[in-house]
Every structure is written in C-alpha cells, then in structure tokens.
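Trainee: Hi, I'm new to this one and would like a friendly tour. Can we put it on the screen and talk it through?

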Amino acid sequence: MTRNYVGGDGVRFTSVGTCLVDMEIYGGETLRNLEPHRLFPVSGGDKYITLLDEDGIERAIIRDLDTLLPDSREVIKTALEEYYLIPKITAVTRTDEKHGIKWWVETDRGAYNFQIRMNNDIKVLYDGRVLIRDINDNRYEIPDYEKLDNRSKRVLGTQI
C-alpha cells in the first residue's frame, strides 16, 4: 500500500462538521468528510495525522501540521481538539483510596471526580505530562506536573 502524504500549499482543508474536514488537492480533486486522527496520539503532537474516509480507510497523511497553510492548519487543529477532547487537570483537590482510588480535581472544563483502578492507570511522560485513565476509560491530562500548585503536587505525589 502506498501512502499519500500531503502538505504545503498543495492541499487545502475546510471544516464540514465537528470532527470532519474536506481536503482539496492542488489540481482539483476533493475528498469529502475525512476524519483527522493522530497516528501517535500520546507522543506525536502535531505530526503524522492520518485522514480517514467514512469507511475508516486512510486517504492521506499529514507529516507535520506546520507545513500546512495557516487556515488549513487551524481547521485540522480544531477537528483534532474536538476528537481528542481530554480535560486538562489544573488542580488536584484530594484523593481517597477506600474502594479503588477516587480523585477530585479541577479542570479547564470544571470540577470532576473520578475513580481509577490502580496506580498503573497513571502514566508520567518524559515531558512532565501526566495521563490518567479512569474506570470508565475516560482520559485526563496534567499538561505539566511542575506547574501545579504545591497542594496539588502534595496530593498527587502520593499517587505517582
């Protein structure tokens, strides 16, 4: 299977829904209702974005969003943000270990409480990010552990 890599001014993206985009390729071909996904969702950031059609078939790959024209880059970023809607934890209020591990947190989307099975549902990454998966398979992210307030670090320190 050959891969179709796209980027630069040879392609233009427009939004057609919450997580869907149309891709117009230089020369006139238009692919409709593509869904951008990160090939490496945890570590890839804005690199290697696959574009899937309605049947889940890969139609193209963007190697790096920075190669796109500014309007197209924003369209793809917005679609990815909607697809990968992960609340960002800004403070850890408390944890309780009675029945599993229950967390009370503040996020960029408001207050949440959730439960995790065990500490291996917490992944500390090399760049200071912390990813947490709860018992319902929801995900949360602490963008930078070092930027949390001291109380949050103290509470979180018992868990990581």
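Trainee: Let's start with Arg12. Is Arg12 buried, partly exposed or exposed?

Mentor: Arg12 is partly exposed, because its relative accessible area is 46%. Keep in mind as we go that this is a predicted model.

Trainee: Okay. And which residue forms a salt bridge with Arg12?

Mentor: That's Glu24, and the closest N and O atoms of the two are 3.2 Å apart. The pair links distant parts of the chain, with Glu24 in strand β3 and Arg12 in strand β2, twelve residues apart.

Trainee: What about Glu24, buried or partly exposed?

Mentor: Glu24 has 35% relative accessibility, so it counts as partly exposed.

Trainee: You mentioned β2 and β3. How do they pair?

Mentor: They pair in the antiparallel sense, over five bridges, with β3 covering residues 21-25. One example is Thr14, whose bridge partner in β3 is Asp22.

Trainee: What holds paired strands together in general?

Mentor: Strands of a sheet pair through backbone hydrogen bonds, and they can be parallel or antiparallel.

Trainee: Got it. How many bridges join β5 to β6?

Mentor: Five, and those two strands run antiparallel; β5 is residues 47-52 and β6 is residues 58-64. If you want a place to look, find Leu52: its bridge partner in β6 is Glu58.

Trainee: Which residues make up the nonpolar patch on the surface?

Mentor: Tyr5, Leu39, Phe40 and Tyr48, with about 360 Å² of accessible area together. Tyr48 brings us back to the sheet, as it lies in strand β5.

Trainee: Why does Tyr48 count as partly exposed?

Mentor: Because its relative accessible area is 33%, which falls between the 20% limit for buried and the 50% limit for exposed.

Trainee: Let's go inside. Which residues touch the most other members of the largest nonpolar core?

Mentor: Val6, Phe13, Val21, Met23, Leu51, Ile62 and Ile76, out of 18 residues in that core. At least two residues of this core come from each of β2, β3, β4 (30-38), β5, β6 and α1 (70-83). The element that gives the most is α1, with four residues.

Trainee: Where is Ser72 found?

Mentor: Ser72 is in helix α1. With 1% relative accessibility, it counts as buried. Setting aside residues up to four places away in sequence, Ser72 touches Val11, Arg12 and Phe13. So Arg12, where we began, is partly exposed, whereas Ser72 is buried.

Trainee: Switching topic: how many salt bridges does a search of the whole structure find?

Mentor: Twelve. One of them joins the side chains of Asp53 and Arg59, at 3.7 Å from N to O.

Trainee: Of that pair, is Asp53 buried or exposed?

Mentor: Asp53 counts as buried, at 15% relative accessibility.

Trainee: One last stop: how many bridges join β7 to β8?

Mentor: Six, and the strands run antiparallel, with β7 at residues 89-96 and β8 at residues 101-107. Ile89 has Thr107 as its bridge partner in β8. These strands form a hairpin with four residues between them, and Gly100 in the turn has a positive phi of about 80°.

Terms used
Residues numbered from 1 in each chain as written. Predicted model: local features only at pLDDT ≥ 70, side-chain atom pairs only at ≥ 80, totals over all residues. Heavy atoms only, no water. Pairing = 2+ DSSP bridges. Patch = residues over 30% accessible without salt bridge, like charges linked within 9 Å, V, L, I, M, F, W, Y side chains within 5 Å. Areas by Shrake-Rupley, 256 points an atom, 1.4 Å probe, with all protein chains shown as cover. Salt bridge = Lys/Arg side-chain N within 4 Å of Asp/Glu carboxyl O. Buried < 20%, exposed > 50% of the residue type's maximum accessible area, 1.4 Å probe, protein only. Core = buried A, V, L, I, M, F, W, Y, C linked by side-chain atoms within 4.5 Å. Contact = heavy atoms within 4.5 Å.
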